[in-house]
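Please open the model in a viewer and follow the stops below in order.

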Amino acid sequence: MLQAKFSVKETQAQFLGNFKAYGFKDKSSMVRAAIDHFKKEMELESLRKSADLYSEIYSQDDDLKELTETAVTGWPE
């Protein structure tokens with residue numbers, strides 16, 4: 001596993017010091033879990049923005065709506 005050196009605020013250090021209360025074996029595992037959680041949230045936000053953009057484009061493009069309707073014709077409901 002790679003190691004990294006970084007700085008945190010005093011309140012963040014105090015929070016990390018309570019790692020056992022949150023079910024972590026050490027501070028590093030708590031930080032890794034936080035990074036993984038943040039990464040997932042960022043990826044979900046990116047997907048939401050992408051979906052919103054596609055939705056906006058679709059709602060303004062009559063040709064695309066027609067193409068979609070043609071493609072689903074005959075498919076089970």
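The tour covers helix packing, a salt bridge and a pocket.

This is a predicted model, in which local features need pLDDT of at least 70, side-chain atom pairs count only at pLDDT 80 or more, and totals for chains, interfaces and linings use all residues. Residues are numbered from 1 along each chain as its sequence is written, and side-chain values use heavy atoms, with hydrogens and water left out.

**Stop 1: α1 and α2**

Select helix α1 (residues 10-17) and helix α2 (residues 27-60), which pack at an angle of about 110° with their axes 9 Å apart. Helices here are DSSP runs (H or I, at least four residues), numbered from the N terminus. Axes are lines fitted to C-alpha atoms over the stretch in contact, and angles run from 0 to 180 degrees between N-to-C directions. α1 and α2 are therefore roughly perpendicular (65 to 115 degrees). Phe15, Leu16 and Gly17 of α1 meet Lys27, Met30 and Val31 of α2, where contact means heavy atoms within 4.5 Å.

**Stop 2: along α2**

Show the side chains of Lys39 and Glu43, which form a salt bridge (3.2 Å, N to O). The term requires a side-chain nitrogen of Lys or Arg within 4 Å of a carboxyl oxygen of Asp or Glu. The two residues lie 4 apart in helix α2, so about one helical turn separates Lys39 from Glu43. The structure holds 2 salt bridges.

**Stop 3: α2 and α3**

Select Tyr58, Ser59 and Gln60 of α2 with Asp62, Leu64, Lys65 and Thr68 of α3 to see the contact.

**Stop 4: the lining of the largest pocket**

Finish with Met1, Leu2, Gln3, Ala4, Phe6, Ser28, Val31, Arg32 and Ile35, which line the largest pocket. On a 1 Å grid over the protein atoms alone, a pocket is an open set of points where a 1.4 Å probe fits, with protein on both sides within 12 Å along at least five of seven lines; lining residues have an atom within 4 Å of a point.

Note on methods. Angles under 35 degrees count as roughly parallel, over 145 as roughly antiparallel, 65 to 115 as roughly perpendicular and the rest as oblique.
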